[in-house]
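Hello,

Here is the structure I promised to pass on to you. Have a look at it first, and then read my notes below.

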Amino acid sequence: MARVTLRNISKSYGQLEVIRDLSLDIEDGSFTVFVGPSGCGKSTLLRMIAGLEPITGGDLMIGGTRANDLDPVARGIAMVFQNYALYPHMTVEKNIAFSLKMAGYGRAEIARRVAEAAEVLQIGHLLGRRPANLSGGQRQRVAIGRAIVRDPAVFLFDEPLSNLDAELRVSMRSEIAQLHQRLTNTMIYVTHDQTEAMTMADRIVVLREGRIEQTGTPQELYEDPANAFVAGFIGSPRMNFLPARASGSALELPGGARLGCAGDGLPRELSLGIRPEAARPGREGGGLRLEMEVALVEYLGGTRYLHGHLADGTAMLIEARSAAGIRPGDRLPFTCPLEALRAFAPDGARLRSLSLLPAEPETA
Amino acid sequence: MPVTPPKWIIALVGAIGLLWIVPLIGVALTSLQTPEAIARGWWNLGNADFTLDAWTRVWTEYPIAASLWSSVKLTAIATVLTMLTAPAAAYAFHYLRFPLRRGTLILVINAFVLPQQVVIIPLFQLWRDMGLIGNVAAVIVPYVGLSYAWAVFLVKSFLEDFPKELIEAARIDGCGPVGTFFRIVLPNLVSPISACAILQFLWCWNSLLLPMLFLREDVPLTVMLARIAGQYDPNVNMQSAAAIVTAFVPLCVFILFQKQFAAGNQVSGGGKE
Amino acid sequence: MSCANSSGGLGAMARTAAAEPARRRPLPDWGAAMVLLAPMALFFGVSVLYPLADTVRLSFHELRGLGGASWVGLGNYAALAQDPVFLATLWRTLAFTLSVTAISVGIGWTVGLLCAFAPRQTAPFRLMIFATFGISEAVSGFIWIGIFRPDSSGLLNGLLGLAGLGELAQPWLGSPGTAMAALIAAASWSAVGLPLLLTFAAVQTIPKSVLEAAYIDGAKPLATMWHIMMPLSLPGVRVAVFINLVTALRAFDIIFVLTGGGPARSTETVGFFMYRVSMTEFNLGYGAATTVVLLLAVMAVSLPAVIQRTKGAR
């Protein structure tokens with residue numbers, strides 16, 4: 001078990017700098033998820049922690065020692081690969097035992113630990129098989145078995161669920177989360193899927209273009225995003241962004257809606273974020289009042305997603321749990337409580353200084 | 001796999017690589033010595049005596065130009081014939097249905113087990129009776145005939161991944177089987193045919209036994225080299241120059257077309273000769 | 001070519017259906033097969049089928065030079081079985097074939113695996129080893145004559161002298177004891193290229209993540225080679241073993257140039273014996289029987305490949 005600290009880490013391929021001056025503290029025993037769009041550097045970061053990519057600059061500390069130049073075993077890490085990377089010519093048992101054999105353990109000790117790992121993952125009946133004769137889910141378990149058998153200080157997962165079908169992904173997700181509760185090792189998990197991040201993580205690190213956009217618990221990221229990128233990336237369906245114009249103590253919104261506002265140094269143009277699940281169809285409820293033209297109704301059983309646009313053409317998606325009878329082409333009024341709105345500057349930065357007020361009584 | 005390759009690996013492979021070209025460097029340097037320096041042992045660099053003498057005289061001393069022309073002629077004709085006939089045969093075996101098809105195919109692709117030695121007695125008698133000893137055809141016919149075992153196999157392996165829809169579309173468009181071969185299949189066979197060409201080129205150029213037995217004058221470079229290397233001749237420097245000339249063309253072809261060569265060898269898998 | 005010729009272009013399309021150019025009927029499959037296979041059949045028949053049949057036929061005959069052939073049944077084979085020179089040649093062929101294959105595949109395999117750790121850095125060295133494969137056996141033979149020259153003009157003797165081991169210098173190709181070793185060295189030198197090539201290609205197909213997993217699992221380079229790369233490159237190496245076995249078994253060119261089978265026939269293998277008997281002594285029936293023995297040996301070695309090809313022939 002170990003704490004992982006990245007201090008001013010950078011990574012370049014020749015002239016191309018993909019990660020720059022990145023610092024991060026990963027608590028001992030935490031389940032930390034690196035999430036971000038493809039090409040954000042999350043896998044590179046994980047591979048640097050693993051020892052599969054050289055670190056160009058900065059310090060990597062694992063368990064208090066500098067690990068930049070250690071090989072993976074000395075770092076005390078184990079890794080689960082996206083494509084599982086099982087040894088195709090070895091049985092499941094030999095796959096799991098390989099690292100122990102390399103470490104020079106005795107036959108009895110290896111057998112004991114393999115059996116233990118197999119039991120945790122319920123793959124005891126597969127031990128004699130070759131990877132080619134396993135299903136995707138079984139391969140995934142073997143890959144995890146190969147990692148846990150070493151009892152490493154840090155587990156690394158590189159998009160381990162992306163090759164599984166949707167149903168299996170959901171069940172493996174909860175299994176990995178349970179595994180973490182049981183083993184309590186530090187786990188670092190890379191994914192591009194924000195749902196995986198939200199459901200599994202103690203802490204999420206959102207990355208973009210080699211930089212950390214925000215670090216925090218799933219709830220912090222969802223409720224208090226540091227910028228428009230995080231706000232848009234976390235949460236599904238995506239947050240809606242409405243253009244707004246600040247004039248004096250009022251905000252003008254598409255379709256003539258207005259809000260009062262107060263704050264220092266506000267930009268003239270800004271955007272307001274509304275999560276689909278925060279909007280309420282109808283005219284009841286206070287806060288922001290808007291109207292959208294519905295273009296498409298997605299019925300999902302328990303809920304509905306209404307796609308459409310505001311008067312100025314801004315795309316809008318809201319969730320409606322009870323709005324039977326709405327059809328494409330309808331004009332639908334909806335409201336949103338002010339505390340659910342998030343304001344962002346044109347460069348995406350969160351405008352924390354802005355406080356929103358109910359619209360002043362109609363003057364015009 | 002370590003992040004940075006261990007240095008000892010590069011050093012070891014480097015040492016073996018250098019060891020492997022010592023004979024080549026040796027022959028190259030020998031061609032730059034005088035016969036006297038060679039006799040003294042030029043390896044001891046004190047005895048070395050560098051000169052381009054061998055390279056200026058070798059062209060007149062040995063029939064290099066004639067042999068080079070002979071090598072080019074034999075190799076080019078045999079290679080082109082294989083390139084033309086093997087794909088047609090592979091296409092027929094793969095797409096057409098006719099009696100004894102599978103039996104014939106099995107016979108052809110398994111002919112790779114035949115050592116060249118099997119050919120020489122019967123063909124020697126046949127060419128002698130037909131008066132063909134000394135004629136280029138005496139060498140070209142077995143060059144081409146022995147190439148099918150791997151050439152047909154190689155092209156047919158490629159055709160196994162060729163989209164069948166294209167053949168069916170051509171048929172629906174009213175194209176007959178022969179036309180389909182020339183218009184649809186052949187233009188898409190560039191990569192296996194070039195692999196065939198490389199293999200056939202190298203094999204023919206480097207052959208010794210068949211041209212040695214079936215040709216008299218106008219022998220290719222390999223036969224000329226074998227003849228001068230066999231006789232007692234102190235001009236080792238000129239022999240070395242001749243050896244370099246002999247090896248030069250196939251070596252260049254080989255290095256330039258490594259990829260096709262590798263692919264061809266992997267697919268045909270059964271080797272050749 | 002049986003494709004309908006649409007030379008009419010747009011003009012033709014404007015005409016009525018009745019004026020459409022007459023279409024030739026496409027050939028039936030068997031007819032097209034005749035056309036396409038005819039050239040191959042000619043070459044293949046003359047240089048494979050006929051010689052094969054004729055060699056087998058001749059092996060049952062007594063035939064010397066230009067004289068007529070007389071039927072001797074299994075006489076040639078019986079004579080071979082009692083010919084001490086031929087029996088010695090058989091053993092020598094076995095030793096030569098196994099040595100050359102073991103040495104060339106051993107080195108090629110090892111170097112191929114080592115190169116996988118540093119594909120870029122080792123590329124030039126790989127080419128150096130690999131290049132010998134593009135050099136004909138005739139040229140290789142000549143090059144190695146230069147190395148084994150008897151006096152101090154030979155590279156090996158010269159290097160031994162430089163290393164202060166002058167007393168070890170000897171006429172390598174001149175004594176039966178060392179000539180075979182010299183031949184094996186030369187043949188192995190030129191045979192390493194293919195196993196290297198096929199091993200390296202096979203190792204390149206191992207997913208990178210599998211090798212990374214081995215690294216994460218704590219396998220050092222040698223352990224990775226032994227436990228992961230060797231088993232996974234086996235299919236490619238198997239092909240190389242097979243090709244090198246067959247090549248060594250039928251060797252002729254390199255023996256002819258390097259040693260001429262000598263001294264005292266100490267470097268003659270079956271492939272060379274056959275040549276000497278039939279092409280210099282013109283004992284054609286006996287030579288044909290030798291050839292059949294060689295053919296059977298090659299077929300035995302090739303059996304797995306033959307089975308595989310026959311099964312795959314669809």
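**A threonine in chain C**

T93(C) is found in helix 4 (residues 84-117) of chain C; helices (H or I, at least four residues) and strands (E, at least two) are DSSP runs, numbered from the N terminus. T93(C) is buried, with a relative accessible area of 3%, where buried means under 20% relative accessible area, exposed over 50%, and partly exposed in between (1.4 Å probe, protein chains only). Apart from its neighbours within four places in sequence, T93(C) is in contact with L249(C), T269(C) and V270(C); contact means heavy atoms within 4.5 Å.

Before going on, please keep in mind that this is a predicted model: local features need pLDDT of at least 70, side-chain atom pairs count only at pLDDT 80 or more, and totals for chains, interfaces and linings use all residues. Residues are numbered from 1 along each chain as its sequence is written, chains are lettered from A and ligands numbered from 1 in the order in which they are written, and side-chain values use heavy atoms, leaving out hydrogens and water.

**More on chain C**

Helix 10 (residues 208-216) of chain C is mostly covered, with eight of its nine residues buried. Those buried residues are S209(C), V210(C), L211(C), E212(C), A213(C), A214(C), Y215(C) and I216(C). What do they pack against? In chain A, the partners are helix 1 (42-50), helix 2 (72-75), strand 6 (77-80), helix 3 and helix 5, and in chain C helix 11 (221-249) joins them. Just after helix 10 of chain C comes G218(C), with a positive phi of about 90 degrees.

Patches are made of residues with over 30% relative accessible area and no salt bridge, where like charges are joined within 9 Å and nonpolar side chains (Val, Leu, Ile, Met, Phe, Trp, Tyr) within 5 Å. A salt bridge is a side-chain nitrogen of Lys or Arg within 4 Å of a carboxyl oxygen of Asp or Glu, and accessible areas come from the Shrake-Rupley method with a 1.4 Å probe; for residues, only the protein chains shown count as cover. M34(C) belongs to helix 2 (residues 29-58) of chain C and counts as exposed at 53% relative accessibility.

**Over to chain A**

The secondary structure of chain A comes to nine helices and 21 strands. Of its 364 residues, 52% are buried, and its C-alpha trace spans about 85 × 45 × 35 Å along the principal axes.

A patch of positive charge gathers K94(A), K101(A), R107(A) and R130(A) on the surface. Lys and Arg count as positive and Asp and Glu as negative, while His and the chain ends are not counted; the place of a charge is NZ of Lys, CZ of Arg, CG of Asp or CD of Glu. K101(A) lies in helix 3 (residues 92-102) of chain A and is partly exposed, at 45% relative accessible area.

The backbone has some points to look up too. The peptide bond from S236(A) to P237(A) is cis, with omega near -5 degrees, and P237(A) sits in the loop between helix 9 (228-233) and strand 11 (240-247) of chain A. D21(A), in strand 2 (residues 16-26) of chain A, has a positive phi of about 50 degrees although it is not a glycine.

Happy browsing!
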